[in-house]
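This report covers sheet pairing, a domain interface and salt bridges. Please keep the sequence and the model open while reading.

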Amino acid sequence: MFTTPARLFLRSLKTLRPTAAFRSANLAPCARRTMHSSMVRYHAGIERPAPGTGIKIHFNDSKGTLIKTVEANEGDDILAVAHEYDIDLEGACEGSVACSTCHVILPEDKYDLLPEPEDDENDMLDMAFGLTDTSRLGCQVKLTKALDGMVVTLPAATRNMFVDGA
Amino acid sequence: MKLAIIGGGPSAFYVASRLHKLLPQTLDYRIHLFDRLWSPHGLVRYGVAPDHPEVKNCTHKFDEAALDRRLRFFGNVNVGDNPSPLQHTVKLPLSSIFSNYSHVVFATGCTLPKRHSELPPSASCISALSMVHWYTQHPNAPSPPPLDKLSHVSLIGNGNVSLDVARMLLTNVDVLRKYDVPERVLDVLAESTVKHVSIVGRRGPLEAAFTMKELREMINLPDASMVPLAPELLQPSEGVPLTRQQTRVLQLLSKGSKNTFGTTAKTWSLDFYRSPAGLMVPSSENTRSQLSLAHTVVDPATQRAVPTGETSTVATDLVVTSLGFHGEPTAPYFDPGLGHLRTLSNRIVTNAGTTLRNVYGSGWASAGAHGVLAATMMNAYDVAETIVNDHMKHGGRDESRPVAGGDTGGAQN
């Protein structure tokens, strides 16, 4: 009876043209402006590797309970992987390092294998709730074979965060 | 369940989005959003600076929530008895909402700017909110600031809104042209003669409310440079542990701006430990305004700014106050002491101290004007969970109507 919610749809850069050539002695012609559109970083989904051939990632909740074990490809970022497998990891700014909602906690040995976060990622991590020494933004962590078997822990959400937080 | 959400900003949409996820797919519920403005998304549309387009990516999720046919958005509707600042809004009494919906969420934000007792509004002193409404072209349609007649602007307040306004004033108009900045705004910015922006805060760098991202954007401004800070301002007190953000703020400030001060035509400064004591507007003797500033220190016991007795005066052309926001005092369930609606665990509490059934508060309306989108999202998800838990506790029946508990406070119904 009701349509199911649509999946994320692509938006492409559009050029907005004035429709009518509306000439009047008193009006300047419309300036041609392009409509600014942020690039959508995510397509409908990443490709799932054939079972057994991909990089295995275990998503745990904040208490350490396994949510799901999934497989992804080299170069996929943790946020895209989570979305592909319907794991409850938010990405409000869709991977543009303008929020901290895809904050994840990694095991120390795997964290140390990753390249250091850039300034912009660190700036966003400052505001992440439940920040740890091995926290990263999921959208900035690209999978490699060395991360096979990694446990990715989602931080706890708390009722009081909104009141206690900045 | 027939839910009315008063307000159509990010908090409202995140509540709706989470409810779509948590409620049984087969349930024939309704979620109706009402907003005074004809277009949805609240601060995401009329608060986020135009040169921060990535922040606005969150609207894709709002659109997804809106595609569900059980959700409807009604724009240009002013719910309640407060006169709307916009002449054209359709009025809908709150009693209509309460008698037609089983659940109500107030997601009305904090829409009024806090003012400074020593800085009454005048031609020489405006709120940062009016600048933000100007460069986002909010339907309130404030007049543009007279940027072609100013060279020195004093921003009062150390939050991100202050830095947003400073950045808009100090960024080359050709850079801003790339973003969704309205043509009329670009025209005014192109004529701007602003040379220096002073950002005045009554406490120091450790107490500043701005965050690293916005500070770094100021530090890296291609066409402006920062007055270097005295080293003693960047020394943390002995034995006081710093948060990660505070440590990084001090590091960034001690490095100074990317452009060395003096190498650019435009400049800016962070003027810490200064609190406005008064403003003399231009007169026959003085073509410029004179801003009096009391010098302060932070009392370690209370963390509040305390005047030292010393004062100084700064000649300035425009004072812009950016001191945070509060809710509308005549709104139902508003608590004047708090500056926002009174809630407990997301449920609205009346003046009499009773918790209303099926009536909730969400976002800034409920907790005050603090928090970026991430915080608002987490709170909205929490509200959605509360709604679902309450609903399921009553066996999922929605014949119960919310009771508009007697005293809503203010001049009501």
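## Sheet in chain B

B:Ile31 stands opposite B:Leu71 in β3(B). Strand β2 (residues 30-34) of chain B pairs with β3(B) in the parallel sense, over four bridges. Strands are DSSP runs of E with at least two residues, helices are runs of H or I with at least four, and both are numbered from the N terminus. Two strands pair if DSSP finds at least two bridges between them.

β2 and β3 belong to an open sheet of seven strands in chain B. Its order is β3-β2-β1-β6-β22-β21-β20, and the pairing is mixed. The edges are β3 (71-74) and β20 (343-344) of chain B; each has a single partner strand, so one side of each lacks a neighbour in the sheet.

## Basis of the model

This is a predicted model: local features need pLDDT of at least 70, side-chain atom pairs count only at pLDDT 80 or more, and totals for chains, interfaces and linings use all residues. Residues are numbered from 1 along each chain as its sequence is written, chains are lettered from A and ligands numbered from 1 in the order in which they are written, and side-chain values use heavy atoms, with hydrogens and water left out.

## Hairpin

Strand β14 (residues 289-298) and strand β15 (residues 305-316) of chain B pair in the antiparallel sense over nine bridges. B:Gln290 has B:Ala315 in β15(B) as its bridge partner. Six residues lie between the strands of this hairpin, where B:Gln303 takes a positive phi near 65°.

## Domain interface

Chain B splits into domain 1 (2-111 + 325-393) and domain 2 (115-321). The bounds come from an automatic or database domain assignment. The C-alpha centres of the two domains of chain B lie 32 Å apart. In contact (heavy atoms within 4.5 Å) are 17 residues of domain 1 and 20 residues of domain 2.

Together the domains of chain B bury about 1400 Å², 65% of it on carbon and sulfur atoms. Buried area is the accessible area (1.4 Å probe) that two parts lose on being put together, summed over both. In domain 1 of chain B, B:Tyr46, B:Pro50 and B:Asp51 lose the most area to domain 2, together 42% of what that side buries.

## Salt bridges

The count between domain 1 and domain 2 of chain B is one salt bridge. A salt bridge is a side-chain nitrogen of Lys or Arg within 4 Å of a carboxyl oxygen of Asp or Glu. B:Asp51 forms one with B:Arg167, with the closest N and O atoms 2.7 Å apart.

Over all chains, a search of the whole structure finds 25 salt bridges. One of them joins the side chains of B:Lys21 and A:Asp88 (3.4 Å, N to O). That pair crosses between chains: B:Lys21 is in helix α1 (residues 10-22) of chain B, and A:Asp88 is in the loop between α1 (78-84) and β3 (103-105) of chain A.
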